[in-house]
Amino acid sequence: MTIPAPSAGTNFIRTLIDQDLASGKHQAIITRFPPEPNGYLHIGHAKSLCLNFGLALHYGGCCHLRFDDTNPVKEEQEYIDAIKADVRWLGFDWGTHEYYASDYFEKLYGFAERLIEKGLAYVCDLSADQIREYRGTLTEPGRESPYRNRTVAENLDLLRRMRAGEFADGSRVLRARIDMTSPNLNLRDPVLYRILHATHHRTGDAWCLYPMYDFAHGQSDSIEGITHSICTLEFEAHRPLYDWLCDALAIYHPQQIEFARLNLTYTVMSKRRLLELVNEGRVAGWDDPRMPTLSGMRRRGYPAAAIRTFCDRIGVGKSDSVIDMSVLEDCVREELDRTAPRAMGVLRPLKVVITNYPAGEAEQLTVPNHPKEPAFGTRMLPFGSELYIERDDFMENPPGKYFRLAPGREVRLRYAYIIRCDEVIKDPASGEIKELRCSYDPATGGGETPDGRKVKGIIHWVAAANAVPAEIRLYDRLFSVANPTADKASDYRGTLNPESLEILGEALLEPTLAAAAPGSCFQFERLGYFCVDAGTAPGRPRFNRTVTLRDSWAKMVGAES
RNA sequence: AGGGGCGUCGCCAAGCGGUAAGGCACCGGAUUUUGAUUCCGGCAUUCCCAGGUUCGAUCCCUGGCGCCCCUGCCA
């Protein structure tokens, strides 16, 4: 596994840590990545991963992987396994530092009793609806619960009986005793524990009492000695509670720091919505190549290194932002240009017969696997009298500046000869072009043009004789609008792009591609980067298009229409 | 409306009182057996607005305006 290089750029969090190190507040830093195992990781998590692990790498500190598993009704082992696989794939190593909030349940419960003993928490019998009523609103203060002044002894007794399973779900909760008039609603006696008779994926039925996020997260940070607890902006209003709890319990007090979560154009980034897309069958699963999940991107062919570069490039700040998808695609192209061997494949084949090439004969061309990197070596490419070219590379009535094949025109077959189109054969009934009759110039092999004539167009091709039939999946943006959730009046699903997946069943590839291993990535010359799908069947490969090449011709044509 | 944040180029983002980095996108041009890559050049007299302090302000002060988050026994 390649070791990710720590980011070169700086940000407000690094500035803050530099100060903490300089002032002697800390000698070393410990961060953590705290996913809840209730879904798969997405590119937004990658930002957090790169930040937290990157900081540890940069400062020679340590980053813990901690599962925030305090809600048994939503969490599953499947997600834990998937999350660990994704973190590893991204290139990060948590060593022995794999933790679970559920490992701290006993300790957390002890904290609860400590709070009660200090008169800082109480058992409340109000229903969920009543608690909401008592909480007040953004502008009006809340009212104190009638159970707020129970004695320490009574609270302790009740909490113990809650733990013992004497009460039904929802009948009682443990609350912090803070201030019902606080302008920060999180401080209006927040719920710390709720009763949940549910089987936990790790602790089984040992508990029927589960801590809320606010009473688990900061405490777990404290237990692990986290120095900088980095979370997203929406937890900003929780920070006063985070601080209050650490102080009330008189435990080690980590510093919570918030940053802006990642948003990407043409996709959604909430686990709830991604789960909906999966459950409603709008995509083929969490790892559908159109999904912004790490597993989806991996299947799509995005290299982990490209995702790390992306996270570096976008920076870390506190202002809400939406990153253009082109930034990610640029990172993917940059990485793949360096690392992907070249190959030839025809997506939508058009038959070409070379009339002056001896029928039945063939030759083997030796061609490079990378235009700039000799270390990639060479491979053999068969050439014969029957070939296939891309339908797009021929036009009967080409517009100006089109320099591919057209009747009477010449074009070079990449790494082979120059051919001229002599005849167009059509289906008499439909008028569809069935085949091209061309002649080749034997003197122009290997890139030679002895007479110095100019042939601007170079196209890719595949020899018919040994062509490998393949299925190619073309992906486009999942949504057809840049910000699917911007319009709060309508459902984001209405903006799903109906053309986000196009399946091409008749593609033809050069022979070497038949044996390509699942997951391996190639550049199909002039088309884009493609990777062998994880679910590919032997004998008939299935490729996913990772990303197209930049295409200034398409841009020019698109601009005119 | 109460509280907490944020506002520098189309999208991100440096900048921390001394006269606006960088990336993506976009537009030119060179090289090229991928209309790819690479390369070279262009792209904010201006930092949400208005006042003020200062020799000097994107950076400090005051007042506006705009956007985001908070009323789960989710995280």
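Okay, let's start with a term: a crossover is right-handed if, with the strands pointing away from the viewer, the path from the first strand over the helix to the second runs clockwise. Keep that in mind for the first part. Helices (H or I, at least four residues) and strands (E, at least two) are DSSP runs, numbered from the N terminus.

Before we go on, the housekeeping. This is a predicted model, where local features need pLDDT of at least 70 and side-chain atom pairs count only at pLDDT 80 or more, while totals for chains, interfaces and linings use all residues. Residues are numbered from 1 along each chain as its sequence is written, chains are lettered from A and ligands numbered from 1 in the order in which they are written, and side-chain values use heavy atoms, with hydrogens and water left out.

β2, helix α3 (residues 77-90) and β3 make a right-handed β-α-β unit. There's another right-handed β-α-β unit, made of β1, helix α2 (residues 43-59) and β2. Two strands count as paired if DSSP finds at least two bridges between them. Strand β1 (residues 30-33) runs parallel to β2, with 4 bridges, and I30 sits opposite C62 in β2. On to strand β3 (residues 98-100): that one is also parallel to β2, over 3 bridges, with R66 facing Y99 across the pair.

How enclosed is strand β2? Buried here means under 20% relative accessible area, exposed means over 50%, and partly exposed is in between (1.4 Å probe, protein chains only). Of the 6 residues of β2 (residues 62-67), 5 are buried, so the strand is largely enclosed by the rest of the structure.

Next up, S229, which sits in strand β8 (residues 228-232). With a relative accessible area of 1%, S229 is buried. I'll call something a polar contact when a pair of N or O atoms lies within 3.5 Å; within protein, one must be able to donate a hydrogen and the other to accept it, and residues adjacent in sequence count only if both atoms are side-chain atoms. The S229 side chain has one of these with the side chain of D221, at 2.6 Å, and another with the side chain of R32, at 3.1 Å. As for plain contacts (heavy atoms within 4.5 Å), if you skip residues up to four places away in sequence, S229 touches R32, H217, D221, Y242, Q255, Q256 and I257.

Now M212, in the loop between β7 (209-211) and α7 (217-224). M212 comes out as partly exposed, at 29% relative accessibility. Leaving out neighbours within four places in sequence, M212 contacts V191, L192, Y193 and R194.

Let's move to the RNA. How many residues surround RNA strand B? There are 65, and the closest are K372, G446, G447, R550 and S552. Near, by the way, means that one of a residue's heavy atoms lies within 4 Å of the molecule or strand. Of the RNA strand B atoms within 4 Å of the protein, 65% are sugar and phosphate.

A few individual pairs are worth a look. A polar side-chain atom of R414 is 2.2 Å from a sugar or linking oxygen of RNA strand B. For the bases, R404 puts a polar side-chain atom 2.5 Å from a base nitrogen, and a polar backbone atom of F403 is 3.3 Å from a base oxygen. The elements giving two or more residues to that surface are α5 (128-135), β6 (191-195), α11 (304-314), α12 (325-339) and α13 (552-560).

One of those, α11, has A304, A306, I307, R308, F310, C311 and I314 buried. Their cover includes α2, α3, α10 (294-300) and α12.

Last stop: an open, mixed sheet of 7 strands, in the order β10-β23-β24-β25-β21-β22-β11. β10 (342-343) and β11 (345-346) are at the edges with a single partner strand each, so one side of each has no neighbour in the sheet. Within the sheet, β23 (residues 521-524) and β24 (residues 528-532) are antiparallel over 4 bridges, and Q523 is opposite Y529. In the loop between β23 and β24 you'll find R526, which isn't a glycine but has a positive phi of about 70°.
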